[in-house]
Amino acid sequence: MKLFTKIFFTLLLGVSLSHAAAFSKDAKFRSTTAHITAEQPLTTGANTLVVTLKKGGKALSDVKVTLKAFMPAMPGMPAMSSKVDAKNLGNGKYQATLNLAMSGTWQLHIFITPKKGKKSRIKTTLNF
């Protein structure tokens, strides 16, 4: 019976992990939170990210969202960046495909522009 229980829970854990996002990160600025996910691990080239935005626990569903990923210049290497407007998927979810030219640490800025009010920005990093 103990062996059966161990096998059952091992399989349950495996199935749960197989359905989890390959990349997940949370970022926050004041009362605005961003949950960033990707179905595939981040790699060099095109990466599709889904950003879920909430303010005070309520979904931000009627805003313009722009993602900008950049890596500053280093000796022997120019600065690199990728900027794209995100597509509104509804219920506070936004999807964008960023092109990351090389592996390393990228700065990610999420610009949120409401129809009325002040533009805001959430800063975080992407490492791969």
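Trainee: How do strand 2 and strand 3 pair, and over how many bridges?
Mentor: Strand 2 (residues 32–38) and strand 3 (residues 45–55) are antiparallel, with six bridges. Strands here are DSSP runs of E with at least two residues, numbered from the N terminus, and two strands pair if DSSP finds at least two bridges between them.
Mentor: One caution before we go on: this is a predicted model, where local features need pLDDT of at least 70 and side-chain atom pairs count only at pLDDT 80 or more, while totals for chains, interfaces and linings use all residues. Residues are numbered from 1 along each chain as its sequence is written, and side-chain values use heavy atoms, leaving out hydrogens and water.

Trainee: OK. How many residues lie between strand 2 and strand 3 in their hairpin?
Mentor: Six.

Trainee: What is the bridge partner of Thr37 in strand 3?
Mentor: Val50 is the partner of Thr37. Val50 also has a bridge partner in strand 8, namely Gln95.

Trainee: How many bridges join strand 3 and strand 8?
Mentor: Eight, again antiparallel, and strand 8 covers residues 93–100. Strand 3 pairs with strand 4 (residues 58–59) as well, over two antiparallel bridges. Lys54 is the bridge partner of Ala59 there.

Trainee: Which residue takes a positive phi in the hairpin of strand 3 and strand 4?
Mentor: Gly56, with a phi near 65°; that hairpin has two residues between its strands.

Trainee: New topic. In what order do the strands of the open sheet come?
Mentor: The order is 6-5-9-10, four strands with antiparallel pairing. Strand 6 (80–85) and strand 10 (120–127) each have a single partner strand, so one side of each has no neighbour in the sheet.

Trainee: What joins strand 5 to strand 6?
Mentor: Six bridges, with strand 5 spanning residues 63–71. Phe70 stands opposite Ser81 of strand 6.

Trainee: And the core: how many residues has the largest nonpolar one?
Mentor: It has 28, and Leu49, Leu67 and Leu108 are among those with the most contacts inside it. A nonpolar core is a set of buried (under 20% relative accessible area, 1.4 Å probe, protein chains only) Ala, Val, Leu, Ile, Met, Phe, Trp, Tyr and Cys residues joined through side-chain atoms within 4.5 Å.

Trainee: Which strand gives the most to this core?
Mentor: Strand 5, with five residues.

Definitions and conventions
Buried means under 20% relative accessible area, exposed over 50%, partly exposed in between (1.4 Å probe, protein chains only).
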